[in-house]
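Hi everyone, thanks for coming.

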Amino acid sequence: AYSKPDFIAKQQIALKEANETSYWLELLLKTNYIDGARYQELDNVCSQIRIMLIKSINTAKGEEK
């Protein structure tokens, strides 16, 4: 079992990775490696993941609003 600080740290790492993924998706779009529709689809999924991670981190920290 992980401690609460370990859980929060891992969630924060996952959030950082999701933010980096969003950056790379934007680069793929700008270099025409993917089209706009595919970008929107992938970016939407990435955004949903980031929202879930932020909520999870806030809940674990006791900052739920």
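Isoleucine 57 counts as buried, because its relative accessibility is 5% and buried means under 20% relative accessible area, with exposed over 50% and partly exposed in between, for a 1.4 Å probe and protein chains only. Before I go on, this is a predicted model, where local features need pLDDT of at least 70, side-chain atom pairs count only at pLDDT 80 or more, and totals for chains, interfaces and linings use all residues. Residues are numbered from 1 along each chain as its sequence is written, and side-chain values use heavy atoms, with hydrogens and water left out.

So where does isoleucine 57 sit? Its place is in helix 2; helices here are DSSP runs of H or I with at least four residues, strands are runs of E with at least two, and both are numbered from the N terminus. Which residues does isoleucine 57 contact, leaving aside neighbours within four places in sequence? They are Ile8, Gln11, Gln12 and Leu15, where contact means heavy atoms within 4.5 Å.

Not counting residues up to four places away in sequence, glutamine 11 touches Leu53, Ser56 and Ile57.

Now the two helices themselves. Helix 1 covers residues 4-30 and helix 2 covers residues 36-61; they pack at an angle of about 160°, and their axes are 9 Å apart. The axes are lines fitted to C-alpha atoms over the stretch in contact, and angles run from 0 to 180 degrees between N-to-C directions. Helix 1 and helix 2 are therefore roughly antiparallel, a label for angles over 145 degrees. By class, their contact has 14 nonpolar, seven polar and five charged residues. For the classes, Ala, Val, Leu, Ile, Met, Phe, Trp, Tyr, Cys and Pro are nonpolar, Asp, Glu, Lys and Arg are charged, and the others, Gly among them, are polar.

Finally, the whole protein. It has two helices and zero strands, and buried residues make up 20% of its 65 residues. Its C-alpha atoms fill a box of roughly 45 × 20 × 15 Å along the principal axes. Among contacts between residues at least 6 apart in sequence, 62% join residues at least 24 apart.

Definitions and conventions
Angles under 35 degrees count as roughly parallel, over 145 as roughly antiparallel, 65 to 115 as roughly perpendicular and the rest as oblique.
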